[in-house]
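Colleague: Thanks for sitting down with me. Could you take me through this model and the terms you use for it?

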Amino acid sequence: MDRRQSEKLLKTWQGFLGLNHWDLELQVNEEENWDRYGQCACVQGQKRAVITLWNGLNLDKAEDTVVHELLHVVLDPLATLLEQWQNQLSEDQKKLYADQFDQSLEQTVYHLAKVLQSMKE
């Protein structure tokens, strides 16, 4: 997957998801043994995010990953709110709810990504 193709995917889906007002930066991870396809780091107050894609992705998997990571941008306010709420809990409660939330968030993002991609086609 070359950088130009990755940038095009990012711009296309940024527009489709209504995130044109966000400053998105694309990074490419070239580690052979990276344990994920992508990752997202958001700064909600600045409407800025860094999307990192693994260099070993084919075009289809890169698109899946771009959509997935951009949905994390869309849902970041909920994740931030939950983190603030979790800070009021005991350590045991934090772990329990954090794991449940992370799993639920990933399932939701995966589902929404598949639905959106099928709608776009």
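Colleague: Which residues in α1 are buried?

Modeller: S6, L9, L10, W13 and Q14 are the buried ones in α1, where buried means under 20% relative accessible area, exposed over 50% and partly exposed in between, with a 1.4 Å probe and protein chains only. This is a predicted model, where local features need pLDDT of at least 70, side-chain atom pairs count only at pLDDT 80 or more, and totals for chains, interfaces and linings use all residues. Residues are numbered from 1 along each chain as its sequence is written, and side-chain values use heavy atoms, leaving out hydrogens and water.

Colleague: What covers the buried residues of α1?

Modeller: The cover includes β1 (23-29), β3 (48-54), α2 (59-86) and α3 (91-120). Helices (H or I, at least four residues) and strands (E, at least two) are DSSP runs, numbered from the N terminus.

Colleague: And what does the face of α1 turned away from its buried side carry?

Modeller: That face has the exposed residues R4 and K8.

Colleague: How do you know that the span of helix α1 agrees with its 14 residues?

Modeller: The expected span is 1.5 Å times one less than the number of residues. For residues 3-16 that should be 20 Å, and the end C-alpha atoms are 20 Å apart, so the two agree.

Colleague: Why is Q86 called buried?

Modeller: Q86, found in helix α2, has a relative accessible area of 11%, so it counts as buried. Not counting residues up to four places away in sequence, Q86 touches K94, Y97 and A98, contact meaning heavy atoms within 4.5 Å.
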